Amino acid sequence: MNVAAYLKKKSKQIEKALDSILSAKGAVPQSLAHAMRYAIFAGGKRVRPILVLAACEAVGGDEKKVLPAACAIELIHNYSLVHDDLPCMDDDDLRRGKPTCHVKFGEATALLAGDALLTLAFEVMSGTKLEAVKLLAQAVGGSGMVGGQQVDIDFQGKNKDLPTVQYINTHKTGDLIAVSFRLGAYLGGGTSSQTKPIYEAGKCAGLLFQIVDDILDKEGYASVIGMHEAKIQAQRLRERAKNHLKPLGHKAVALSNIIDFIADRDY
Ligand code: GRG
């Protein structure tokens, strides 16, 4: 299977669905709607929503049932980037090579665009299952992504030990990726013997994603355990993630190939 072609095809599908979700929000003030669209259509890779679709495929599920969750996860991912770029956080001027949302629309509007994207995500999720809404909320709230970001902030400029770096990686980045695997399998109608190993693979892939990011940026994990050890860990996580998927057979080939894509990315 050609993973680049798969990602391109699925990414178009996600963009179409995101476009119709944002277009349906008729009553949003224009300035806010512009900032929301700018944040969403700025050239992201759509890795997380594609993982949702591939996890659904791995359980032989119907893609239509997971598309809303896939879009909700991408809305949340982009809200987190808009907020992460704000002056009170990372204070970044560029994202994906373009001016960040607050540089383009001002801080207050960027903050509100993030809020509106997060809220919209849960409106979209309300059309799925209550359990899925809860799993997503847990993954991105105080004990998930937001908690990971808080610990990252608490330790800024301080030496981080390995458990702290692991906590940050697991929650700040890992939880949203892990829940993408989990919801794709769950909402795709997977049995618990399918959903469990897919979620385990997702946890490994989530950590892998951040370790690869740290290796590319020469920081975080790579600076605590060293570049060489970080590369060994990344290789181990890739193998563990793919091993979890083996019992699912050929249906999980796309998911497995995306794990390789995450491990091999060089940008
Ligand atoms: C501010 C609530 C809040 C949370 C922030 C995810 C996050 C938590 C911050 C983003 C900072 C960051 C660089 C995290 C590492 C994960 C990462 C590389 C995200 C970018 O993901 P990609 O490469 O982005 O999937 P695209 O551009 O493809 O959408």
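In this predicted model, the side chains of aspartate 152 and lysine 172 pair up in a salt bridge, 3.0 Å from N to O (a salt bridge being a side-chain nitrogen of Lys or Arg within 4 Å of a carboxyl oxygen of Asp or Glu). Aspartate 152 sits in helix H8 (residues 145-154) and lysine 172 in helix H9 (residues 162-187), so the pair links distant parts of the chain, 20 residues apart; helices here are DSSP runs of H or I, at least four residues, numbered from the N terminus. Aspartate 152 is buried at 15% relative accessible area, while lysine 172, at 26%, is partly exposed (buried is under 20%, exposed over 50%, partly exposed in between, with a 1.4 Å probe and protein chains only).

Arginine 238 is buried at 14%, and aspartate 260 is buried at 16%. Through shared partners, Arg238, Lys242, Asp260 and Asp264 end up in one salt-bridge network. In total, the structure holds eleven salt bridges.

Turning to the nonpolar side, the largest core has 80 residues (a core being buried Ala, Val, Leu, Ile, Met, Phe, Trp, Tyr and Cys residues joined through side-chain atoms within 4.5 Å). Its largest share, ten residues, comes from helix H4 (residues 63-85).

Residues are numbered from 1 along each chain as its sequence is written, and side-chain values use heavy atoms, leaving out hydrogens and water. Local features need pLDDT of at least 70 and side-chain atom pairs 80 or more, whereas totals for chains, interfaces and linings use all residues.

Methods. Helices (H or I, at least four residues) and strands (E, at least two) are DSSP runs, numbered from the N terminus.
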